[in-house]
Amino acid sequence: MHDIRVNENQPVAAAGLSKVGDIADVPDEWTKITGWTVRAGFEDGTSVTEDGKLEVQATMRALTTVRLNFQYQNNTRVNIGIRVLVNGVAVRTSRYYNSWNYATLVYPIEYQYGDVIEVEARYFGKRNWWNDKSQVKGLLLAANTFVTVEKYSRFNVDMAYDMSYPAAATFYGDDTVSAVGPNYGVKDAKVYDVSGGKETNANPVKSHTWGPILVQSRYPIPVAEDYVVNFGGTFRMRLPTEAKDSSGTKVFGTQMKVRLALWGSGKVEDEYGSTTTEQELMFHEQNLTNTSVNTITVPALTAVAIPDNIDRVYFVATLKSQSSDEYVTAEFRENTGGLAGNWFFGWLNDAPLNIRITPPAEQATIRHPLSQTGVGYLNRKFFTNLTEAKRLTFMGEPDSGTSISIYQYDTVAKARGSKIGDYTAAANERKQLVVLPPTGAIEIDSPTFDPTDVAFTKSGTMAIPDGGTKDVWTRITGFTQGYDTTTVLASADVTISLTVKLSDGTYPSGRKARIVINGNPVVSFNAVGATISGTWSGHVEAGDVIEFQIIRHWPYGASIVATGTQMFVDYQSSKVNYVIESVLPLTTYDSLATTQTQFERIHWTRITDDTNSIEVVREESKRSYAKIRFVSDALSDGSILLPGKRLRVLAKDQAGYEVLFTGMIRDYAVKYDYTGRPAVEITVESAQILMDESDAFYMYDTPQEAFPMLHTLGAPVVVDGVDVSGPHSSKPTGMSNLPSYYAPNTKITDSIEALRNTRKAFVYVDRFNTVRYESTRSATSALTVGDRLDVTPMSYGKIEKGVSTDSIITRVKPEEYKLDIKELDSRNVGSEMPVEIADIASKSEVAEYVYSQNYERVYGEKSETFPVIRHSGDVEDIKTMNFGPSFFEWADAILMDYEIARNTVTRVMLVPKDHAQLKQIAKLDLLDVVTVLYKQERHLVRIRRIEWFIVAGNIRCELFFDRRSRQAAWNSVIEAETGLFTDVFYDLF
């Protein structure tokens, strides 16, 4: 079932609870606060469970505000902790140092309909003004202790988490504002003499020093060239007392101004290396006036396109002199009221800082279950570079059909041409078609859809059953139209409204109605008197079923009355959505003359010159290469065997050929013997060496995020059978893919190895020089060799069998790469402009899991370290410190594979007797399963290394099956073959 997309502009009534009854003694341990009632003014949006917890009534991002009010104690400040739990899991903790009598937590949370919210408190102690830190419990007052939940745009910034403050500052939040002010637990106000100078005691007052940087983004936001950015919000700034500019001239508060700006950061690379560049993209300034707190509302600004040298953006608020335009550090006089009276910069909760980043329409993608890559382009209109036939793959949104029209497009005139055709795809159909426009480009469009609106009018009365302790909702039935539900005919934006009239409005508490789509409640509304009403706007798909439900929790019965009870489903006129998965070459193929990949065509030239020797070595997760020696005058001029050219080795006969190895020429040398005859020696490397040498910059926990970095290699890439190859690019597009670890000195091999280990997958470079990632590896035997020709036609020339302690692992050490949340939480503002905001810091930790001390006594400590990824990189996971499960079971499964020392085949040598056998062996790839028959034993083993030696017509191939360091230590299950041999040995390494 698809997710129901909620319109960002959908109004949702705010919810709120107020405390009933004081708590005389909040202990110094986390304690749930109970005894709530619906907060005045929040009745429409508040739903309370039977046990008094706040229940969220819509799927949304919401600003959650918790305020605890303790009894004021003269000259004493209290240390208070607040913790918010959602469905029993703590998602946010706040600690208030040295507050006079209260603590507030303000935090945006992604809620699902039906989530349950709880609040916990902890009293850490108190301190009076003469520093007596005696632990005295606090009295939590019901008055002004509350929790509220209000819808919050996903573009809005979280002051408490997303912003960095000065080192001596902390977050402050209340009903109105999210701000930053003095952290009294770190630094008290200093004595400062406004009238007589700092060196005298005349008229002494206290002050705090802030600026020039008031707040800044805690981490950069990834962008790319041609993205569009903008920002807005309404800010609050406390008037400073005075400052001094660089000349020593006093600057008073009304002579200062606030500058709010979006900055961009990137790197400029040239022949001397890379240089970091910082560039102000857009700003708003406002002079401060003679009022205690200034309001700065950012007007509508013109959005700015990201230049090509910028790949990150961040927000900075600074304090400047109006006359000199210099950045200044100012004194702020200490007011009464503690943090509430001395916060110096913030924004309104109902108009916070919002940063809007919009990628080009051509790059907008959505996740799609039918797409082989997992995503698709949503409503992308234009595709170019169609100079030859291409295969276009499209579908509707999840669970929806679609229709598209394709036109020729003139890229010079920028005009639509003749229609190529109309095409449709049914719900859950992945449709493919071939396009070859004469203009080399196409434009895609879709029809406008405006379904007929649906109305429900109640007929007769309907008693409302008691929902009971299990919250049993009842469908509203009995409409004059003869139906109780409606089925959506096509994907569309919709506004659904309901009005339910009740027979009795004396006891509205506990009576609610809700809108339900496909059995999923999307929003509910409370009764106000004898009426329940509300509106929901969102996106629905074809086949969605809409219904309305009602519930009551009150001992007195009530009924729905016909007069005035009605529901409306109003469809918005809109284009039919479609998703383009890909536009790719019509076919990929390989022949003796040409190879067509997804992004390039290679033309091959046959080399018929005398070959002296060929050595080919291919190995899982390690360097794979070919060394070839020619004896040829024609090749010695270097015109054909140039470094950078592709070269492949074929096993060929009259019936066809098999590719044995493919790579790129890296080294070329001509050597002459005493007769002057040239010998040309070349080294051909697979894509593995490019992975070993190329910087990765990042690590990821999913292959879809990681493999675009391989476009830097210009090599084909296949993920679980899907070709995700792309043209060569100069650097990975890492930041836009939510990296799980920032690793500027890491190579691509290391990054892909960590991903492979985390997923227990398989990665190798195949004989066609394609990088392959496979979640599982086939267990089907690719070749059978034995010591009896009456059983198998191919025999081996040499065999090795046994157990090597080098292959034993008794201790697994997952090296967990993850983001350093603590470092991120400790970041402060910079001291000068422009600021330098680093990526989220990363760290690694090694955990040990020992399987059996008995095995360690036999083999000694045979440990191996496996790099793994421990974090998704998603910002919401960062905020909630969700690192996912540990790697204990992961490590335990590896150790189980090594439970028994297996006396198995580790190596065989094959000597093909004819061209047919040569081609059969050449088809073998790394990690293929080979069946080896040896003295009534059948061994099923995986290939870890392949060596070819071809000299003067003599050919031999050696296969190695023992696992070596950095190779996969897991295996897919290998099923036993039935037949003559009954003793079966499996390679589970």
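Over the ring of which residue does the charged end of Arg-218 sit? Select Tyr-165: the charged end of Arg-218 lies 5.8 Å from the centre of its ring. A charge counts as over a ring if NZ of Lys or CZ of Arg is within 6 Å of the ring centre and within 35 degrees of the ring normal. Select next Arg-964, which lies over the face of Phe-960 at 5.7 Å from the ring centre.

This is a predicted model, in which local features need pLDDT of at least 70 and side-chain atom pairs pLDDT 80 or more, while totals for chains, interfaces and linings use all residues. Residues are numbered from 1 along each chain as its sequence is written, and side-chain values use heavy atoms, without hydrogens and water.

Turn now to the aromatic pairs, of which the whole structure holds 19. Rings of Phe, Tyr and Trp (its six-membered ring) pair if their centres lie within 6.5 Å; planes under 30 degrees apart are stacked, over 60 edge-to-face, and the rest tilted. Select Phe-332 and Phe-344: their centres are 6.0 Å apart and their planes at 50°, so the pair is tilted. Move on to Phe-866 and Trp-970, another tilted pair, with 6.3 Å between centres and 45° between planes. Phe-866 and Trp-970 are 104 residues apart, and both are buried.

Finally, select Phe-231, Phe-235, Phe-315, Phe-345 and Trp-347, which form one aromatic cluster.

Methods:
Helices (H or I, at least four residues) and strands (E, at least two) are DSSP runs, numbered from the N terminus. Buried means under 20% relative accessible area, exposed over 50%, partly exposed in between (1.4 Å probe, protein chains only).
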